[in-house]
Amino acid sequence: MADRPRAPVRLRASLALAWRTLRSMRTALILLLVLALAAVAGSLVPQAGFPGAAAEIERLHRDHPFRADLFQRLGLFDVYGSWWFTLIYTLLLISLAACLFPRTRALLRNVLARPVLVREVDGFRHYAERPLTGEPDAALSRARRVLRRRRFRVRGPEDATIAAEKGLLREIGSLAFHWSFFLLLIGVIYGRGTGFTGTAVIAEGETWAEVHAGYDGSAREGRFFNEDHSGLLVHVRDFEVRYRDDLSPEEFTTRADLAHPDGTSIGPVDIRVNHPANALGVKLYQAGYGWAPVVRVERDGEPIADAPLITVQPPAAEDEDPRTLPWRGILRLPSLRPQMAIVFELYPDGLAALASLQGGEPLPMVENRNPFLTFDAYRGDLPETAAFALDSLDTSGMEKVSSGLVGEGRTEELAPGVTLAFPELREYTVLQVSRDRGLGIMLAAGILILLGLLPALYDSRRRLWVRAERSGEGTMLKVGGFALQRRDQFEEEFARVVDDLAGVDR
Amino acid sequence: MTADLSRWTFWVAIAAYVAAIGLYVAFLRSRAPRTGRLASVVAWGGAGAHLASIVLRGVSAGRGPWGNMFEYSSLLSLLIVVAYLVFVEVRMGIRTIGAFVVGFAVLTMGLASMALYTYPAPLPPALNSYWREIHVISIITASSLLTLGGIFSILYLFKERKERRLAQAERADAAELAARDAAPILGGSGDLDATDPPDYAPGADEPAVAVAGRRKGLLPASETLDRLAYRTIAIAFPIWTWAVIAGAIWAERAWGRYWGWDPKETWAFITWVLFAGYLHARATAGWKGRRAAYLGVAGFVSLLITYYAVNLFIVGLHSYAGV
């Protein structure tokens, strides 16, 4: 038993081995490849939460239950949030740090240390001798000037020798590049952690407040977010879509007035795609739009509802142009006894709708021209669900009391004593609202990555020694040196430096 | 009108490129400098017509001619040809790989005009930003250089294998000779002067260029190809990095998030990771040479997927009308 190491020693040995393995370039390369492989999986398997992915995942579960189950268990439907993806990049970063610490220490030593003097300069890869007239001291002070002008770090003359080096920037750049990934990660964690993103749906003429309740539960909040919403007030004056001749959209513009929570004005803004508005630390992005018909319901002349109703477009079949379909909205009237709900279909362009009916060919409805609503009114108990869908209603516990059509500016009777009016058609805008305080850090990291990359790839570490010895009447100048990288280029540079040192004009 | 003229000059460019490929192949076989120069001149002519085609396309669409896959492919292949002509032919004086590079460019153009052609048209609002110019131009510049790097890496792998085989054969020959010479007393002297000394093995100090002309092969030495691949990738990598960063900045403005693992973003990232791997591998003992070249080829394949497969088969935010 005596020759077997005790447990702590063995543990320490295997830890040391693990550390050595982790910091080897081989490990880093393999981890890098595994990271790429994981990303490949993420791009091929539908990712939960991505647009259109939910339906694909459902189809996979239906058609290939075994495969879907396997994917589910492996976390392949959420690669970028899975524990193993986190593990891969965490290991990669640890490996990177393990490699960077000693290199940073060595760099600091190199920066602080002065170039090393040598006695013999003729043993290096590049070597040249030049006879000069004049004193060795003059030659050396000239050499010092020349080398400094060429941005070498110079030491000496000491003992008739000058040592010079250049290209520490290569290592500085390389380290800046690699360390910046940690900065990037800090920016992501800080920004995502303390920030939030959500959508605001605002009809023309309405004012929306940037508070928790404003998002209807649509906000995704960071882990360290502490409900410090800005309270920004957004009053939408007008929303406009500009179309081209072929009816493809050219520009979406929301014209809004922004104000502090207490109502003092910040000023008007135009929010367009690629031109977000920025106020009180939050950004507002143009994300969508739709129609919001103002509907007014009255009972015995008393208004029960009078507001723009958000309508949405039901998903179109593959061969359908979604712009030819009517928009759908639901008005719930829980305060009535018995309760009521009205399901609307909006035809924003009445003329196009009519022409579609006559011609049989569905025409897109993108303009506000003689709009009309069709409605189905239900009476009974509204389903008791927390989340209200915008475009579907469970009418199993209700009975239909009337249906019909109401044009803009008209009033129809829904039930005895209950009237429905459609005074005007407005538009609504969908804004994405987010706050990310990490963006500045990330931008700095991005700049450092780029700035570091250039010298890391193109600079090279070079060392030179110059020695001046008395020879007869004059001086013999001896120059030796080498480059650690880009050796082909150094050959030419060395020749030029030697000529410069000898005072030859080229 | 300008659209038709653009189409016409596009075909002139393809015709010139095809002729240049023929000349490059003839040059490979004959090694007559005149043929090589003629090949270059024809390739430059093709590039001129190609440039005219792209400019006319931009005039016809009233915007920068890099708005859809056809236009992107066309500009990409022009940049590949020009980068090759400038860096490899003019700066390094190597003409022997012209057929491969111009061949790839013609393939890209042919595919673009057959499968991806759309009439010049304006773009959806999300693309209406100066970041589009910055992002796309840097992506396309980096892509052309990475493509060259990929081609060089592939050629390197072929050449390197050939050189290894050759070295093996040399050693075998040498061993056989040595065996034959083992009994010199019997048969008098063989023709010793005609062969290298038995301990001579190419590749130890000098590259295999030293091998007799007949066996030298058509391509430049593997060392040259390796250096070419490294140089182009080392230039392209920072540009690609910048392009991805610019894309993230633009995505933050246009879509309200800088990174969303959209398929295009994901594959741009994979390509970046593979070429980063290439650059590291080339500086790592045990990985330089063949393994690094395999990484370069993998990066090239990933680049092609980023461009073609993601646009055509995977739907994401980077999918726009008319491919």
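Here's a quick briefing on salt bridges in this structure. Keep in mind that the model is predicted. The general idea is simple: side chains of opposite charge can pair when their charged atoms come close.

**Chain A: Glu158 and Arg114**
- A:Glu158 and A:Arg114 pair up through their side chains in a salt bridge, at 3.5 Å from N to O.
- A:Glu158 sits in strand β2 (residues 153-158), while A:Arg114 is in the loop between α5 (83-112) and β1 (126-132), so this contact ties together parts of chain A that are 44 residues apart in sequence.
- A:Glu158 is partly exposed, because its relative accessibility is 28%.

- A:Glu165 is buried at 3% relative accessibility, whereas A:Arg463 comes out as partly exposed at 22%.
- Both residues are part of a salt-bridge network that also takes in A:Arg153 and A:Arg461.

**Chain B: a pair within one helix**
- Over in chain B, the side chains of B:Arg164 and B:Glu160 form a salt bridge at 3.3 Å, N to O.
- The two residues are four apart in helix α5 (residues 130-181), which means about one helical turn separates them.
- B:Arg164 is partly exposed at 38% relative accessibility, but B:Glu160 is buried, with a relative accessible area of 13%.

How values were computed. Residues are numbered from 1 along each chain as its sequence is written. Chains are lettered from A and ligands numbered from 1 in the order in which they are written. This is a predicted model: local features need pLDDT of at least 70, side-chain atom pairs count only at pLDDT 80 or more; totals for chains, interfaces and linings use all residues. Side-chain values use heavy atoms; hydrogens and water are left out. A salt bridge is a side-chain nitrogen of Lys or Arg within 4 Å of a carboxyl oxygen of Asp or Glu. Buried means under 20% relative accessible area, exposed over 50%, partly exposed in between (1.4 Å probe, protein chains only).
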